[in-house]
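Me: I have a structure open and would like to go through a few parts of it. Can we start with how the helices pack?

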Amino acid sequence: MRSPLGLFRKVAIAEAVTWALLILGMVLKYGTETTDLGVRVFGMLHGIVFVAYCVTTVVVAVDQRWSLGRAVLGLASAVPPFVTVVFDQVVERRGGLGTTWRLRTEQPAGVLEKPVAWLLRERLRGLAAGVVAVAALTGLALLVGPPAS
C-alpha cells in the first residue's frame, strides 16, 4: 500500500491472472470434460480477488478524486476478462493514479473521504478492515449464489 498506483496495479494484475486461471478451469471442465476442480478452485479464487479489486477501486477512487464515471468504469472493468490491466494503464496515462496517498496527509472532506483516510492512516487496522470487508462481501456473494444461478 505504498502508493495508489502500486496497490491498484497489483490488484488489477491479480484480477486478470485469476480470470486466466478461471478460463483454464472452464476449458478443462467444458472443453476437455476432464475435471471441474479448476472451476471450483479458480472460480472461488477469482471471486475473492474480484471483490478485493472492487474494494481497492473504491478506496483509490476516493483518495485520487476520480469522477463517478471513472470509478464506475473501474468497477465495470473487472467484468470482462483482462480489462482491469487496460483500465490501469489508461488511468495512469491520464494522471489518475498517483505515487502518494492524498488522504494520508490531507484533511478528509466528506462522508466517503473520512473512512478512507482512516484506512490509509491506520495501516495495520486499515489492512485488517480491508480483509474483513473482502471476506464479508465474498460471504455475501456466496449466499446470493454464483453468477449463473
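**Helix packing and loops**

Reply: The axes of helix α1 (residues 4–31) and helix α2 (residues 37–63) come within 8 Å and cross at roughly 155°. Angles over 145 degrees count as roughly antiparallel, so α1 is roughly antiparallel to α2. Note that this is a predicted model.

Me: OK. What hand is the crossing of α1 and α2?

Reply: Left-handed: that is how α1 passes α2.

Me: And which classes of residue make up the contact of α1 with α2?

Reply: The contact has 18 nonpolar residues, along with seven polar and three charged ones.

Me: Switching to α5. Which of its residues are buried?

Reply: In helix α5 (residues 113–121), the buried residues are Glu113, Val116, Ala117 and Leu120. They are on the same side of α5, because they cover an arc of only 100° around the axis.

Me: Why would residues spaced like that point the same way?

Reply: An α-helix has 3.6 residues a turn, so residues three or four places apart point the same way.

Me: What covers the buried residues of α5?

Reply: The cover includes α2 and α6 (123–144).

Me: Now the loops. What is the phi of Glu33?

Reply: Glu33 has a positive phi of about 50°, although it is not a glycine. Most residues other than glycine have a negative phi. Glu33 sits in the loop between α1 and α2.

Me: Is Glu33 buried or exposed?

Reply: Exposed, because its relative accessibility is 67% and the cut-off for exposed is over 50%.

Me: Where is Phe82?

Reply: Phe82 is in the loop between α3 (68–76) and α4 (83–93). Its phi is also positive, near 70°. With a relative accessible area of 39%, Phe82 is partly exposed.

Key
Residues numbered from 1 in each chain as written. Predicted model: local features only at pLDDT ≥ 70, side-chain atom pairs only at ≥ 80, totals over all residues. Heavy atoms only, no water. Axes fitted to C-alpha atoms, helices over the stretch in contact; angles between N-to-C directions. Helix = DSSP H or I, 4+ residues; strand = E, 2+ residues; numbered from the N terminus. Parallel < 35°, antiparallel > 145°, perpendicular 65-115°, else oblique. Left-handed = near helix turned anticlockwise from the far one by under 90°. Nonpolar A, V, L, I, M, F, W, Y, C, P; charged D, E, K, R; others polar. Buried < 20%, exposed > 50% of the residue type's maximum accessible area, 1.4 Å probe, protein only. Arc of directions from axis to C-beta. Contact = heavy atoms within 4.5 Å.
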